[in-house]
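Dear colleague,

I am passing on the structure below, followed by a short account of what was found in it. Please read the notes with the model open beside them.

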Amino acid sequence: MTDAKTLAYINLHAVLGSIPYLCELDERARDLIKNEKISLGFRVKGGPSGALCFADGKAWFTDECDSCNIILSFSSPEKFNGMIDGTVTPIPSKGLLKVGFLLKKFMPLTDILSSYLRAEKEALADPVFFEKSTVLMFHLIASAIAQIGNVDPVGCASASYIVDGNIKLAIGDDLALTLAAKDHVLTAIHSAPESFMSFMKFEDIKLARALFDGEVNAVAAVGEGKVRIGGMISQVDNVNRILDRVALYLA
Amino acid sequence: MRETYTYDKSREAFARAMKVIPSGIYGHLGPAEGCYTPVEAFPFYSSKAEGPYVWDLDGNRFIDYMCAYGPNVLGYNDPDVDAAAAEQRALGDCTTLPSTKMVDFAELLVDTVASADWAFFAKNGGDVTTLAVMTARAYTHRKKIVFFKGYYHGVAPWTQKIDYAGVIPEDVMHNIYVNWNDLDELEAVFKKYKGEIAAVISQPYMHGNFMDNVLPADGFWKEVRRLCTENGTVLVVDDVRAGFRLDIAGSDHYFGFEADLICFCKALANGYNVSALCGKNFLKNTVSGMSYTGSYWLSAVPFAAGIACINKMKRIGAPQILIEKGTKLKEGLIATANKHGFDLRVTGVPSLFYLRIADDPTLMLHQEWIAECVKRGVFFTNHHNHFINAALTDADIAETLDIADEAFAVVKKRH
């Protein structure tokens with residue numbers, strides 16, 4: 001009960017969209033982009049478009065891709081999803097001469113990203129890696145919730161019940177992100193909100209990871225005080241329903 | 001200032017439960033669905049109950065305004081109801097041949113509920129809302145069901161939403177959702193799906209969660225009734241929550257119309273497990289031909305309890321008493337809130353009042369106040385309507401207002 005179009009939005013905005021946070025968290029990723037000034041656009045027919053931009057040792061994501069140095073065009077969401085799976089090799093429709101960036105920079109970046117998002121059990125034994133991997137997943141999941149709430153037919157039903165206002169998603173006291181709801185459209189904002197209508201706070205990074213990995217259920221954790229919810233709880237309730245679908249798409 | 005409660009024994013029991021029961025306490029009595037925020041403010045398990053009170057495992061006493069989410073209508077352990085149940089238990093309960101207590105109970109309901117020509121018994125509210133919808137579909141040979149947004153009709157797949165775990169799109173594909181009190185929208189739906197709508201199902205007024213409860217607009221029910229009649233659609237009133245707290249003859253009677261099918265449960269037997277679907281004669285044959293039953297649905301003890309409960313509610317004029325007590329509490333709570341500068345909204349019929357502090361749209365202020373009340377011995381919940389029971393005394397209401405006052409003072413000091 002998933003659809004290729006929604007998966008394409010998740011793959012672009014949440015998976016590739018997490019590369020900027022990867023570059024903040026991982027030294028190897030930072031090294032790869034430190035001298036780059038380039039933009040890489042993705043255009044999917046019947047699906048999303050957007051771009052990863054690199055300059056001054058930083059990366060960021062933007063919705064605009066027409067003026068990118070390199071553009072990868074895909075004839076369908078399925079083809080784009082194939083690139084993410086590694087079953088489709090993209091050919092630039094613009095910037096063919098810059099293909100070296102794709103091979104020498106972008107591909108290694110995605111390899112590092114995969115090492116965090118599909119982390120080996122042994123790697124997760126390292127607490128530093130564990131934390132980076134979980135923080136990266138947190139960013140990815142927040143973006144994926146927004147995409148599913150805006151595109152997936154069942155996710156849209158959940159979003160239709162979400163009243164306007166910010167939902168604060170937090171791990172412990174130090175890390176928080178925002179899901180902004182306006183007219184039932186969700187936007188992930190990768191910083192803590194100044195004000196919020198509701199909140200869902202995970203006790204610590206270990207619990208967050210267990211929830212992300214599906215080892216713990218948020219409803220059960222509420223009773224134990226490991227997940228705190230408050231404010232306009234109907235927002236959190238519906239975000240939780242979308243969160244269930246994140247696992248469905250990213251499994 | 002009162003000493004606030006602690007819940008060590010509840011937490012110990014919950015830790016045991018988490019090992020063997022999904023989510024520890026599931027459903028509406030659980031801390032997540034019950035919106036226990038912050039969770040530390042709430043007890044999890046009871047040790048005993050009596051009249052309007054429940055005691056938790058740690059020995060804390062609460063004036064209970066949830067009434068087990070409705071079943072406690074006369075007071076916990078009502079002596080008349082319990083005596084009738086005990087008498088029947090000595091004779092037999094779940095037996096191969098049903099007891100005639102079932103006939104007695106059906107006769108009593110037909111005599112009591114204005115729109116009832118017959119009664120069919122089950123266990124939970126959801127059993128009879130499901131039967132109502134199946135009956136409407138069987139009678140009309142149509143598929144579509146109209147709901148009013150904010151509804152709650154149980155947990156069967158057809159009552160849930162497309163995004164709920166375990167629900168598939170096919171479960172809800174014939175559901176049509178319209179806004180409460182919006183007759184134009186309802187009329188448009190009847191035009192769009194002419195000849196396709198089996199039933200309109202609705203609670204007697206909108207008592208959804210996270211929102212102020214809304215009574216029917218003037219003329220609303222009369223028009224809904226007209227539209228259903230003109231379109232050959234069955235009108236189902238889900239009186240599971242409100243039943244007998246507005247009107248002993250049914251909430252349709254209270255609002256001046258007649259349902260084709262009306263569902264009862266909560267207040268039907270003061271906590272004994274029985275529900276009932278009552279209906280008009282023209283649907284009796286349809287129900288007669290349906291395959292719908294359950295292992296305990298014909299048990300005699302709950303029937304005996306139900307008879308005693310209905311008779312006592314009639315004798316004491318329960319709905320009026322409950323509304324009067326609710327009104328007294330409502331007025332007292334509003335005045336207490338005003339004293340501290342808070343705008344407390346109390347909506348719905350007073351016997352089923354819903355609370356919201358309107359000063360803060362996030363509801364966090366409201367949640368703080370509710371938590372302070374609970375920790376001092378008044379069991380309110382955050383975002384569900386409450387229930388009044390007949391055992392509640394003026395002294396209980398006075399104590400409630402005293403605790404509410406203290407809770408408002410604590411919250412005020414913080415902000």
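Two strands are said to pair if DSSP finds at least two bridges between them. Please bear in mind throughout that this is a predicted model.

In chain A, strand β1 (residues 38-44) and strand β2 (residues 49-55) pair in the antiparallel sense, and six bridges link them; within this pairing, L40(A) has L52(A) in β2(A) as its bridge partner. Both strands belong to an open sheet of five strands in chain A, which has the order β3-β2-β1-β4-β5 and mixed pairing. At its edges are β3 (58-62) and β5 (92-94) of chain A, each of which pairs on one side only, and from one strand to the next the twist averages 25°.

Chain B has an open sheet of four strands, again with mixed pairing, in the order β1-β2-β3-β13. Because β1 (46-50) and β13 (378-379) of chain B each have a single partner strand, they stand at the edges, and one side of each is left without a neighbour in the sheet. Strand β2 (residues 53-56) of chain B runs antiparallel to strand β3 (residues 61-64) of chain B and is joined to it by three bridges, with I63(B) in β3(B) as the bridge partner of Y53(B).

Where the chains meet, 22 residues of chain B are in contact with 20 residues of chain A. On the side of chain B that touches chain A, α1 (8-20) and α12 (364-374) of chain B each supply at least two residues, and by class that side has 12 nonpolar, seven polar and three charged residues.

Technical notes:
Residues numbered from 1 in each chain as written. Chains lettered and ligands numbered in written order. Predicted model: local features only at pLDDT ≥ 70, side-chain atom pairs only at ≥ 80, totals over all residues. Contact = placed C-beta atoms within 7 Å. Nonpolar A, V, L, I, M, F, W, Y, C, P; charged D, E, K, R; others polar. Axes fitted to C-alpha atoms, helices over the stretch in contact; angles between N-to-C directions.
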